[in-house]
Amino acid sequence: MNNNISSILWTLQKAQYTKNGKQAETPAVSFQELAMGPQSKIDGSTAVEAPSLETMLKKKYPNIHYHVFDASSSHWRTRNDYPHYLLYQDGNEAKETLENWKPNGANPFYGSIDGKFTAPKEIHALGNVPPGSKAVVIHPKVQERMEQDPAYAQEIFSKIDTWFTFDVARNEAIMPGSTWDMSQAVAIGEDGNICNACSSSGGGGFTFSKSGTDDKESWWDLRIARHTEMMKLAAKKQAQASQLAASSNAKSQLAAMLMGGNLKEIFGSEIAGIPTETVLEITQSQVWGGAVL
């Protein structure tokens, strides 16, 4: 211990001083409080607390929706009418509706029939979710433990944050351009692992239609139409090049995450009921086929 710190400690450890012939006690200050600096409890103020999981998430994802309830139900993964869209809303409706949600009747069809998209209203409602939205659901027991253990809150934050990044990278690597409007939701179960996760895109696109009743087109109209088609083709080529670049970047990022060797440590033993190792193997197969990284 250097002389400066020793002298400070000696001064602080003096239990009494003399004033007007009377003895009085000085406030006791521990070395730990001294080392912590202005954040410590020296003058009776409360020490600065570690940030909560919600605070950490909202700092990185300002518009994230944070819920506390049990969202471990398998209906999350098996029912097409499970109202995931409620996760992207603030308030208690998600908890009140989803925590004890039960299916009613057969699982509705979700897919294409004769080229026509068919889905239950709950799937269509996801189309109204703002692009890039994020939501998390934390099991009450995990929430309680995090409030007592800041290190555990940091562990859960790392798990959620890594999943968001991993999920975007793998989707973009598999289908370039698919993640620009992707929304993501993840639920943490009682054991602290990811018990459910999903992502969705709003979809949509542009359509062009000819207006008017005159089928006779002028030279100028034809020139404009030709220019428009050329610009559309150029934009398409540019978009394809951009998507290929994005896909290449996503693959590089994903490869770095897979080769880093710590995803299993971060995610734990399971992701949504599937062994983490299996999820990683499936991801590698989908992106690179049978190639070994």
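What is the volume of the largest pocket? I found about 490 Å³. A pocket here is an open set of points on a 1 Å grid over the protein atoms alone, where a 1.4 Å probe fits, with protein on both sides within 12 Å along at least five of seven lines. The volume is the space filled by probe spheres set on the points, which are joined across faces, edges and corners.

I noted that this is a predicted model, in which local features need pLDDT of at least 70 and side-chain atom pairs count only at pLDDT 80 or more, while totals for chains, interfaces and linings use all residues. Residues are numbered from 1 along each chain as its sequence is written, and side-chain values use heavy atoms, without hydrogens and water.

Helix H8 (150–174), strand S8 (194–200) and helix H11 (276–288) each give two or more residues to the lining. Helices (H or I, at least four residues) and strands (E, at least two) are DSSP runs, numbered from the N terminus. By class I have eleven nonpolar, eight polar and three charged residues in the lining. Ala, Val, Leu, Ile, Met, Phe, Trp, Tyr, Cys and Pro count as nonpolar, Asp, Glu, Lys and Arg as charged, and the others, Gly among them, as polar.

**H8 and H11**

I looked up the packing of H8 on H11: the axes come within 9 Å and cross at roughly 30°. Axes are lines fitted to C-alpha atoms, for helices over the stretch in contact, with angles from 0 to 180 degrees between N-to-C directions. H8 is therefore roughly parallel to H11 (angles under 35 degrees). Phe 166, Arg 170, Ala 173 and Ile 174 of H8 touch Val 279, Leu 280, Thr 283, Gln 286 and Val 287 of H11, where contact means heavy atoms within 4.5 Å. Six of these residues are nonpolar, two polar and one charged.

**H7 and H8**

For helix H7 (residues 140–148) and H8 I read an angle of about 130°, with the axes 5 Å apart. Val 142, Arg 145, Met 146 and Gln 148 in H7 meet Pro 150, Tyr 152, Ala 153 and Ile 156 in H8.

Notes
On a 1 Å grid over the protein atoms alone, a cavity is a set of points where a 1.4 Å probe fits but cannot get out, and a pocket is an open set with protein on both sides within 12 Å along at least five of seven lines; lining residues have an atom within 4 Å of a point. Angles under 35 degrees count as roughly parallel, over 145 as roughly antiparallel, 65 to 115 as roughly perpendicular and the rest as oblique.
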